[in-house]
Amino acid sequence: MTQEELFKKLVAHCKEYGFVFPSSEIYDGLGAVYDYGQNGVELKNNIKRYWWDSMVKLHENIVGIDAAIFMHPKTWEASGHVGAFNDPLIDNKDSKKRYRADVLIEDWLAKQDEKIQKEVDKARKRFGEAFDEEQYRATSPRVAEIAAKRDAVHARFAEALNASDLAELRQIILDCEIVCPISGTRNWTEVRQFNLMFSTQMGSTAEGANTIYLRPETAQGIFVNFLNVQKTGRMKLPFGIAQIGKAFRNEIVARQFIFRMREFEQMEMQFFVKPGTEMHWWNEWKNTRMAWHRALGFGDDNYRFHDHDKLAHYANAATDVEYNFPFGFKEVEGIHSRTDFDLGNHQKFSGKKIQYFDPESGESFVPYVVETSIGVDRMFLQVMSAAYCEEKLENGDERVVLRIPAALAPTKVAVMPLVKKDGLPEKAREIIDNLKYDFVVTYDEKDSIGKRYRRQDAVGTPFCVTVDHQTLEDGTVTVRHRDTMAQERIAIEALHAMVDEECSFRKLFRKLNL
Ligand code: ATP
């Protein structure tokens, strides 16, 4: 199965099993807007809890807030979003399809890396055991040729982005002979800037109406509350403010399911530090955040850092955590050193002093900020991509199983009476009553046990508990484990503790060493 087929199956699975639906589907949906179903919302809530607790519970110096989506319009002038929150777009005149010019070039660069990898793989086959990859990469003329071309384009691209040179971006697309995937032609328009913010009106009359924006990031709600939180919480530098909430971007190209949405959710943490210490904290947060991702057990090799070619208008250092999605390595999270740009500008635009008094040095200053910013929906897609697995079983059957880490799984336990009589359903209900205050538990009595297992595998339930006639005699049940399919007989009294240990966030948190 190709990665593309796998991804298609994953999208279909998300819909079929109540994880993600297209928004307002009965009206044929709305571009790049999605709804989460009964299983999706549980997984999403668990992802948010994993993030929130790791930030707010496990760090004494991080607190949370929940700011409004609507903010005073000046916020977005101060933040630079009115002037500079643009993407360069380009249209293909034949297909009439619109693309992000930077993404077309980035995809071309990634293709060159793939070409090099193919050369290396071919050579490995040819040379067998004696193959020395490092030496081959350093000496192969073919690899050198592709790499030189790639590096030259990369350098031009970075320069064009930093200078916002739209003509040069177009020229690179022409020089690299990039074609529209739909029409296959190189008939491109000029490159234009497109502001990504959604606007609406506030106020009851048209005259009194005031243009306001749907926030394109949650971070600004934190910056405008810096003093409120610092003063009321008596916070001392360094300290952080965390927030989870919706953000909105009028993305030019909505692709890849929930990877790029127009309405999405962010989990952001702004860490306020003394000027001059920001690089230290930026590195610290890179490590902390990478450990958070890796603790989920999706394979360390599936993550990498990608430093930005173009620093945003507010940043002096920026990197992305990328995950190896079925469509390649893509950003899940950004870790940015935002300097004093935001607080400094809010001070300027509001006329209010936004400073921190350092009791040790007796000085007041505008703190610097290191931010970690991750999309809930992209994280959701990461979990689903890593978890989705099609397996052939020993008896020739096939199963689809979601190997979701137990702490994140939508449902923890499915309780199943072997038959619908002889008091077994009542016993099963009793077991559920004993678990339901602490875990999401489901009851299932329809079809054969085998079919019921398959249903639970497909939504990632870690444990199936079967109640049979022996249960009534000795108070034991059969517990069947999702990943290994192993079965064991355990006492009903021992169930709660077992589920609690296996499905708790503790297991993940211990790996973080916080
Ligand atoms: P991209 O380059 O993919 O457009 P970005 O660099 O603009 O992303 P940031 O502004 O750094 O993204 O936002 C932080 C995080 O918010 C991203 O890492 C991503 O997880 C999430 N995010 C941003 N835009 C979207 C979107 N349109 N849909 C879903 N998640 C998003």
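**Notebook: loops, domains, cores and ligand**

I started at Asp-28, which counts as exposed at 74% relative accessibility. I am working on a predicted model. I placed Asp-28 in the loop between strand 1 (20-22) and strand 2 (34-36). I then read its backbone: phi is near 75 degrees, a positive value in a residue other than glycine.

I looked up Thr-339 for its phi too. The value is near 55 degrees, positive in a residue other than glycine. I found Thr-339 in strand 13. Is Thr-339 buried or exposed? At 14% relative accessibility, I log Thr-339 as buried.

Next came the peptide bonds. I noted a cis bond from Leu-237 to Pro-238, with omega near -10 degrees. Pro-238 sits in the loop that links helix 10 (226-232) to strand 9 (239-248).

**Domains**

I wrote down the division of the chain: domain 1 (1-67 + 219-392), domain 2 (87-192) and domain 3 (406-512). Over C-alpha atoms, the centres of domain 1 and domain 2 are 28 Å apart. I checked their contacts as well. Nine residues of domain 1 touch 13 residues of domain 2.

**Nonpolar cores**

I turned to the largest nonpolar core, which has 60 residues. Which residues have the most contacts inside it? I list Phe-19, Leu-43, Tyr-50, Trp-51, Phe-380 and Leu-408. Helix 13 (residues 376-387) supplies the largest share of this core, seven residues. Both domain 1 (1-67 + 219-392) and domain 3 (406-512) give residues to this core, so I place it between them.

Setting aside residues up to four places away in sequence, Phe-380 touches Phe-19, Val-20, Tyr-36, Gly-40, Leu-43, Lys-44, Ile-47 and Ile-258. I also recorded a second, separate core of 22 residues, with Ala-406, Ile-490, Leu-495 and Val-499 among them.

**Ligand**

I counted 17 residues around the ligand. The closest are Glu-251, Arg-260, Met-261, Glu-331 and Val-332. I then took the polar distances one by one.

- I find a ligand oxygen 2.6 Å from an N or O atom in the side chain of Glu-331.
- I find a ligand oxygen 2.7 Å from a polar backbone atom of Val-332.
- I find a ligand nitrogen 3.4 Å from a polar backbone atom of Phe-259.

How much of the ligand's accessible area does the protein cover? I note 87% of the 590 Å² that the ligand has on its own. Strand 10 (263-273), strand 13 (328-339) and strand 16 (368-375) are the elements that give two or more residues to the shell. Strand 13 gives the most, with five residues.

I looked at Arg-100 in strand 5 (residues 98-100). Arg-100 is buried, at 14% relative accessible area. Its side chain makes a polar contact of 3.4 Å with the side chain of Asp-87. Beyond neighbours within four places in sequence, I list Asp-87, Pro-88, Glu-251, Ile-252, Val-253 and Arg-260 as contacts of Arg-100.

Asp-457 is buried, with a relative accessible area of 0%. What does Asp-457 touch, not counting residues up to four places away in sequence? I note Arg-399, Val-400, Val-401, Leu-402, Arg-480 and Arg-482. I also took one distance: Asp-457 and Asp-132 lie 42 Å apart, C-alpha to C-alpha, and 325 residues apart in sequence.

Key. Residues are numbered from 1 along each chain as its sequence is written. This is a predicted model: local features need pLDDT of at least 70, side-chain atom pairs count only at pLDDT 80 or more; totals for chains, interfaces and linings use all residues. Side-chain values use heavy atoms; hydrogens and water are left out. A nonpolar core is a set of buried Ala, Val, Leu, Ile, Met, Phe, Trp, Tyr and Cys residues joined through side-chain atoms within 4.5 Å. Buried means under 20% relative accessible area, exposed over 50%, partly exposed in between (1.4 Å probe, protein chains only). Helices (H or I, at least four residues) and strands (E, at least two) are DSSP runs, numbered from the N terminus. Domain bounds come from an automatic or database domain assignment. Contact means heavy atoms within 4.5 Å. A polar contact is a pair of N or O atoms within 3.5 Å; within protein, one must be able to donate a hydrogen and the other to accept it, and residues adjacent in sequence count only if both atoms are side-chain atoms. A residue is near a molecule or strand if one of its heavy atoms lies within 4 Å of it. Accessible areas come from the Shrake-Rupley method with a 1.4 Å probe; for residues, only the protein chains shown count as cover.
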